[in-house]
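Me: Could you take a close look at one helix residue for me and then work outwards into the rest of the structure? I would like to follow along at my own screen.

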Amino acid sequence: MHELEQLCREIDMPQAMTARLRSVEPERRFTAGLCDPDGYEQATERLRLALGDDPDGVKILAAMSVAAAHTRQMYRDRDIPPSVFTDTMRCFSRFVREYAESFGRYGFDRWFWTGRQLSCTLFRLGALEYETVLENGSKMLSLHIPSDADLSDRAVEDSLRLAKTFFDTYERSYASAPIVCSSWLLSPALAALLPPDAKILRFARRFEICETYPDDTGYKQWLFKNASLAPQDFAEKTSLQRNAKRLVLAGGKIGAAKGVLRGETC
């Protein structure tokens, strides 16, 4: 359990969840598969079947936390700085806290996503995350926006600089890959809901929109912390929440969009 305890300390896992993880004997049979870029999805499904009933995701979180020790060695083998490992693995504590925001108790339900971090295909570099993706034979960097991301101009620019240095140094085959982002934060609908100088809009203007997805409802999780909420139950704590609720109740849509960093090709 030493590796699990060490990880929990490094990533600031809530103490209540750390205590629950201590009570679980981690399943270790799927560690290598969880850290395999080409096999983590299948390994995750096999792990879930092996674990059986796991209502708050504690057992699968324990297994993935132990697998992170294997990921740590992968970082060491490639001389990737330990700080990048820690920043990237903070996804686990962040997801646990997001679960609490949605359900009022600590848990983990992002098992379908964290194989990316464990398999060294997704890295947190400053405010943002970058995933190496091969799509139709073309390499690209898929940019992800964590819920705690600072979207100020300086933080975004610093992250983009860190990404350039990182991929030039550690993932050279992706050094010139276009940076693509698919998110509700790029939705054209937000322009009518926010002041023109809002950080979200300034971030979105960095991208040339390639596709729009007006029916996408992913914004519910990130803006209202619950993907299953009905519009009449949307919170109204911020002006964006209030404006979004008003729009949706009137029959409008938030949606999402895909864009490529300006100066690059869709």
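Reply: Happy to! Let's begin at Ala 68, which is found in helix α5. A word on the ground rules before going further. This is a predicted model, in which local features need pLDDT of at least 70, side-chain atom pairs count only at pLDDT 80 or more, and totals for chains, interfaces and linings use all residues. Residues are numbered from 1 along each chain as its sequence is written, and side-chain values use heavy atoms, with hydrogens and water left out. Helices (H or I, at least four residues) and strands (E, at least two) are DSSP runs, numbered from the N terminus.

Ala 68 has a relative accessibility of 2% and so counts as buried. Buried here means under 20% relative accessible area, exposed means over 50%, and partly exposed is in between, using a 1.4 Å probe and protein chains only. Setting aside residues up to four places away in sequence, Ala 68 touches Leu 7, Phe 85, Met 89 and Leu 118; a contact is a pair of heavy atoms within 4.5 Å. For a sense of distance, pick Asp 197: Ala 68 and Asp 197 are 129 residues apart in sequence and 40 Å apart in space, C-alpha to C-alpha.

Now widen the view to the helix itself. Of the 20 residues of α5, 14 are buried, so the helix is largely enclosed by the rest of the structure. Its length also checks out: α5 covers residues 58–77, and at 1.5 Å a residue it should span 28 Å, which agrees with the 29 Å between its end C-alpha atoms. The expected span is 1.5 Å times one less than the number of residues. After α5 comes Asp 79, whose phi is positive, near 60°.

Next, look at Ser 93, which sits in helix α6 (residues 82–103). Ser 93 is buried, with a relative accessible area of 2%. Its side chain reaches the backbone oxygen of Arg 90 at 3.1 Å. A polar contact is a pair of N or O atoms within 3.5 Å; within protein, one must be able to donate a hydrogen and the other to accept it, and residues adjacent in sequence count only if both atoms are side-chain atoms. Not counting residues up to four places away in sequence, Ser 93 touches Ile 11, Asp 12, Met 13 and Pro 14.

With 41% relative accessibility, Asp 12 counts as partly exposed. Lys 225 is in the loop between α10 (219–224) and α11 (239–249) and is partly exposed, at 28% relative accessible area.

On to the sheet. Six strands form an open sheet in the order β1-β2-β3-β4-β6-β5, with mixed pairing; two strands pair if DSSP finds at least two bridges between them. β1 (122–125) and β5 (207–213) stand at the edges with a single partner strand each, so one side of each lacks a neighbour in the sheet. β1 pairs with β2 (residues 128–135) in the antiparallel sense over four bridges, and Leu 122 stands opposite Glu 131 in β2. Two residues separate the strands of this hairpin, where Gly 126 takes a positive phi near 70°. From β1, Leu 122 and Arg 124 point one way and Phe 123 and Leu 125 the other, and all are buried.

At 6% relative accessibility, Ser 187 counts as buried. Its side chain reaches the backbone oxygen of Ile 254 at 2.4 Å. Leaving aside neighbours within four places in sequence, Ser 187 is in contact with Ile 254, Gly 255, Ala 256 and Ala 257.

Finally, step back to the whole protein. Its secondary structure comes to eleven helices and six strands, and 51% of the 266 residues count as buried. Among contacts between residues at least 6 apart in sequence, 66% join residues at least 24 apart. Along its principal axes the C-alpha trace spans about 50 × 45 × 30 Å.
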